[in-house]
Amino acid sequence: MAYDLIVIGGGLVGAAIAWGAAKQGASVALIDQGDIAFRAARGNFGLVWVQSKGAGMPAYAHWTRTSSELWPDLAATLAGATGVDVGLRQRGGLAFCLSDQELEDRAALLHRMHNESGDIGTRILDRAEVRAMVPGLGDRVVGASFCPIDGEAHPLYLLRALHAHLLQLGGDYLPGRTVDAIDAAPHSFTVRIGAERHTTAKLVIAAGLGSRDLAPMVGLAMPVTPLRGQIIVTERLRPFLDYTCHTLRQTVEGSVMMGDSQEDAGFDTSVGVPVLQTMAERNTAVFPALKEASIVRVWAALRVMSPDGFPIYEQSEAFPGAFAATCHSGVTLAGAHALALAPAILAGDLPERFTAFNSRRFDVPQA
Amino acid sequence: MFRRLDATGTTVRFSFEGRDIEAREGDTVAAALLAWDATALRLSPVSGAPRMPYCMMGVCFECLIEIDGIGNRQACLTTVAPGMRVRRQRGARGVL
């Protein structure tokens, strides 16, 4: 049997696209590597974050906004079908600044983004304004940027709900499989895994860091590299935070997560005290009371980064029907991947708004 | 409900909810309170239901309790010390 669509990569990007296509009635297979994969989707911080996404690339800012707007529909559909509450809360997001210089830089960035890609209600809060909104801030907080449409969701529940509903919709989930080769012809692809053969009219490469090697098999370029992020999780605490913060969020269950470290560490997923210490210091400068909280877990995971940090979406010119999809914001962009990108892929054509995400942008010589 | 197999040993005194409790040196807080027939070491942050120690080996977190003003302490992993002030934990621990 030939599928309408095979997605290679069962993480958040691949699962969202597979689910979106299955929901439109397509016959879909989702091929997933297994526990040997790096699985950015399982280390995610869980922001649905808009305010600082897409400086220098308005198409990305707009795409992120689209996703934020589609998220409630995604969350409600998944909850209705699977009973899994993915914990979406879009209550507004704060990025705290610990010096006047940081606040000036933040204001300049948001001003530039406002001019480039329009107003989304983001504003700079001074020392007094931010304290009127958030109790318990430390003296070092000089202000913050606030965006009313920022939010968060639970990445693991999201992944679980997407997989569960995909199966309900008749999709095939094929785990524990490493793709050996892809036989490509326009609008016809055979994925080879050991002795298995799976044939499809459309193919999406959404295999995270594994995409780099898979993409050339169908005439695509996905030059992604790992960027390590570490996360600290505290014991569960009484809710004290009404907003999502850029480097800190309190889950529905009460755990406080701290994150947003960025390190070029190759494929090393180990944690390290110096980085964890820096994260803890910064977040306890924002909320000094967190010094009392016990840390119960830390982990590291690898973000999937393109050369400029923006997503790659494109259809293969050599083998139409094959598509590339990768980004480092699998949670934020899940709404758009499921409800905007998947329908476009099924229709066989990526509209104008996707042009800016083509990997050809990396071929331009740097001045 | 619980009876000590060996009631000998040095006595240690601490307080639970302001009441004077006699324990044996080496008791964990959970063991000492079970021997004393305490009920409800905590109230669940989700439902408010009373909870008691369960696994007694540090994995189930049913025995979370406030010790000397600090919440979320594991009663089954904390050895009783003289003068320790132990209180029932009501709901989630707050730090703010």
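How many residues of chain A are in contact with residues of chain B? Keep that question in mind as you look through these close-up views of a predicted model.

**Figure 1. Where chain A meets chain B.** This view shows 14 residues of chain A in contact with eight residues of chain B. On the chain A side, the residues that touch chain B can be sorted by class: seven are nonpolar, three are polar and four are charged.

**Figure 2. Chain B as a whole.** Chain B has one helix and eight strands. Read from the N terminus on, its elements follow the order β-β-α-β-β-β-β-β-β. The radius of gyration of chain B is 13 Å, close to the 12 Å that the globule rule gives for 96 residues, so chain B is as compact as a globular protein of that length. Taken along the principal axes, the C-alpha atoms fill a box of roughly 40 × 25 × 20 Å. Of the 96 residues in the chain, 33% count as buried. Among contacts between residues at least 6 apart in the sequence of chain B, 41% join residues at least 24 apart.

**Figure 3. An open sheet in chain B.** Here three strands of chain B form an open sheet in the order 4-3-8, with mixed pairing. Which strands are at the edges? They are strand 4 (50-51) and strand 8 (89-90) of chain B, each of which pairs on one side only. Strand 3 (residues 42-43) of chain B pairs with strand 8 of chain B in the parallel sense, over two bridges. To find your way in the picture, look for B:L43, which stands opposite B:R90 in strand 8 of chain B.

**Figure 4. A hairpin in chain B.** Strand 5 (residues 64-67) and strand 6 (residues 70-74) of chain B run antiparallel and are joined by three bridges. Opposite B:I65 you will find B:R73 in strand 6 of chain B. The hairpin of strands 5 and 6 of chain B has two residues between the strands, and B:D68 takes a positive phi near 50 degrees.

**Figure 5. Two loop residues of chain B with positive phi.** B:E17 lies in the loop between strand 1 (11-16) and strand 2 (19-24) of chain B. Its phi is near 55 degrees, a positive value in a residue other than glycine. Is B:E17 buried or exposed? B:E17 counts as exposed because it has 12 C-beta neighbours inside 10 Å. B:M56 is found in the loop between strand 4 and strand 5 of chain B, and its phi, near 60 degrees, is again a positive value in a residue other than glycine. B:M56 has 16 C-beta neighbours inside 10 Å, so it counts as partly exposed.

**Figure 6. A bent helix in chain A.** Helix 2 (residues 58-82) of chain A has 25 residues and reaches 35 Å from its first C-alpha to its last, close to the 36 Å expected at 1.5 Å a residue. Where does helix 2 of chain A bend? The bend, of about 40 degrees, is at A:L70, and a proline, A:P72, follows within four residues. Among the buried residues of the helix are A:Y60, A:W63, A:W71 and A:L78. The buried residues of helix 2 pack against strand 3 (47-48), helix 3 (100-117), helix 5 (155-168) and helix 8 (334-347) of chain A. Just after helix 2 of chain A, A:G83 takes a positive phi of about 75 degrees.

**Figure 7. A strand of chain A covered on both faces.** In a regular strand the side chains alternate between the two faces of the sheet. In strand 17 (residues 312-315) of chain A, both faces are covered: A:I312 and A:E314 are buried on one side, and A:Y313 and A:Q315 are buried on the other. Four bridges join this strand to strand 18 (residues 322-326) of chain A, and the two run antiparallel. The bridge partner of A:E314 in strand 18 of chain A is A:A324. Strands 17 and 18 of chain A form a hairpin with six residues between them, and A:G321 in the turn has a positive phi of about 105 degrees.

**Figure 8. A buried loop residue in chain A.** A:A215 sits in the loop between helix 6 (211-214) and strand 12 (225-236) of chain A. Why does A:A215 count as buried? It counts as buried because it has 25 C-beta neighbours inside 10 Å. Leaving aside neighbours within four places in sequence, A:A215 is in contact with A:I205, A:L220, A:A221, A:M222 and A:A324.

Methods:
Residues are numbered from 1 along each chain as its sequence is written. Chains are lettered from A and ligands numbered from 1 in the order in which they are written. This is a predicted model: local features need pLDDT of at least 70, side-chain atom pairs count only at pLDDT 80 or more; totals for chains, interfaces and linings use all residues. Two strands pair if DSSP finds at least two bridges between them. Two residues are in contact if their C-beta atoms, placed from the backbone, lie within 7 Å. Ala, Val, Leu, Ile, Met, Phe, Trp, Tyr, Cys and Pro count as nonpolar, Asp, Glu, Lys and Arg as charged, and the others, Gly among them, as polar. The radius of gyration is taken over C-alpha atoms; the globule rule is 2.2 Å times the number of residues to the power 0.38. A residue is buried if 20 or more other C-beta atoms lie within 10 Å of its own, exposed if 12 or fewer, and partly exposed in between; C-beta atoms are placed from the backbone. The expected span of a helix is 1.5 Å times one less than its number of residues. The bend at a residue is the angle between axes fitted to the seven residues ending there and the seven starting there.
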